[in-house]
Amino acid sequence: MPIERKEFRDAMARLPAAVNIVTTDGPGGLGGFTASAVCSVTDSPPTLLVCMNRSVSSCEAFRQNGVLAVNTLCGTHQDLSGVFAGFTGVDGAARFNSGTWRKLHTGAPVLEGALVAFDARITDVVEKGTHLVMFAEIEAIRTADGVEAALLYFARDYHLVGKAA
C-alpha cells in the first residue's frame, strides 16, 4: 500500500533537523534558501548532501555556479531563516541584505556568526521527485568562535538546543 504524501510529511515533522541557509554565487547569480535536509555523506573526501526543492527561485543559479555554502544557524538567526525560506516576500539577491556575508574559497556567501559554514563545490546532482539532491565536496570550513544554541526545526516550529538553550 503506497504511503500518502500527507502521512509522510506528518511523519517527517517528527524528525528534528538543524536549520541551514544554503547559498551560492557565480556566473548563474547570487541565491540562497533555507534547508533542513542536509547531512554528512563521507569524511573522505569530506562531502555533504543537500536537498533542494526544484521550485526554489535560485535553483538554476546552484546548477550554473556549481558551488554552495551550508551555513548552520544558531538561535539568533531565526528571522534570517524566514527571509531565506521565502516567508517575508524578499527574493533573490535582496535576501543578502539581511545578515553579514563573507566569502571563503568557492565564492559562495558564508554567514558571519553561523555555528559552522561549509564552503563546497557541487560534484553530483541527482533528481528525485520534486527535489534535487546535491553532493558537495568541502573546500573550506569556518566555525563560530563561541558555542551558541543551535536552531532546530521540529514539529513544524523552531526550537533551540545546546549551550545557550
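**Exercise 1. Where is the place of Gly-146, and between which strands?**

Step 1. Gly-146 sits in the loop that runs between strand 10 and strand 11. Helices (H or I, at least four residues) and strands (E, at least two) are DSSP runs, numbered from the N terminus.

Step 2. Before going on, note that this is a predicted model: local features need pLDDT of at least 70, side-chain atom pairs count only at pLDDT 80 or more, and totals for chains, interfaces and linings use all residues. Residues are numbered from 1 along each chain as its sequence is written, and side-chain values use heavy atoms, with hydrogens and water left out.

Step 3. Now the accessibility. Buried means under 20% relative accessible area, exposed over 50%, and partly exposed in between (1.4 Å probe, protein chains only). Gly-146 has 43% relative accessibility, so it counts as partly exposed.

Step 4. Finally, compare sequence with space. Gly-146 and Thr-123 are 23 residues apart in sequence, and their C-alpha atoms are 31 Å apart.

**Exercise 2. Describe the hairpin of strand 2 and strand 3, and its turn.**

Step 1. Start with the pairing. Two strands pair if DSSP finds at least two bridges between them. Strand 2 (20–24) and strand 3 (31–35) pair in the antiparallel sense over five bridges. For an example to find on screen, Thr-24 stands opposite Gly-31 in strand 3.

Step 2. Look at the turn. Six residues lie between the two strands of this hairpin, and Gly-26 in the turn has a positive phi of about 155°.

Step 3. Is Gly-26 buried, partly exposed or exposed? Its relative accessibility is 34%, so Gly-26 counts as partly exposed.

Step 4. Return to strand 3. Four of its five residues are buried, so strand 3 is largely enclosed by the rest of the structure.

**Exercise 3. Follow strand 9 to its two pairings described here, with strand 6 and strand 10.**

Step 1. Strand 6 (residues 67–72) and strand 9 (residues 116–128) run antiparallel and are joined by six bridges. Here Ala-69 has Asp-119 as its bridge partner in strand 9.

Step 2. Strand 9 and strand 10 (residues 131–143) also run antiparallel, joined by twelve bridges. Phe-118 stands opposite Ile-141 in strand 10.

Step 3. These two strands form a hairpin with two residues between them, and Gly-129 in the turn has a positive phi of about 60°.

**Exercise 4. Work out the surroundings of Thr-106.**

Step 1. Find the residue: Thr-106 is in the loop between strand 7 (101–103) and strand 8 (109–111). With 13% relative accessibility, Thr-106 counts as buried.

Step 2. List its contacts (heavy atoms within 4.5 Å). Leaving aside neighbours within four places in sequence, Thr-106 touches Val-67, Leu-68, Asp-119, Ala-120, Arg-121 and Glu-139.

Step 3. Check the polar atoms. A polar contact is a pair of N or O atoms within 3.5 Å; within protein, one must be able to donate a hydrogen and the other to accept it, and residues adjacent in sequence count only if both atoms are side-chain atoms. The side chains of Thr-106 and Asp-119 make a polar contact of 2.4 Å. A polar atom of the Thr-106 side chain also lies 3.2 Å from the backbone nitrogen of Ala-108.

**Exercise 5. Which strands form the open sheet, and in what order?**

Step 1. Three strands form the sheet in the order 1-11-12, with antiparallel pairing. Strand 1 (17–18) and strand 12 stand at the edges with a single partner strand each, so one side of each has no neighbour in the sheet.

Step 2. Strand 1 and strand 11 pair over two bridges. Across this pairing, Ala-18 stands opposite Leu-152 in strand 11.

**Exercise 6. Which residues of helix 3 are buried, and what do they pack against?**

Step 1. In helix 3 (residues 78–85), the buried residues are Leu-80, Ser-81, Gly-82, Val-83 and Phe-84.

Step 2. These buried residues pack against several strands, including strand 11 (150–154) and strand 12 (157–161).

Step 3. After helix 3 comes Gly-86, with a positive phi near 90°.
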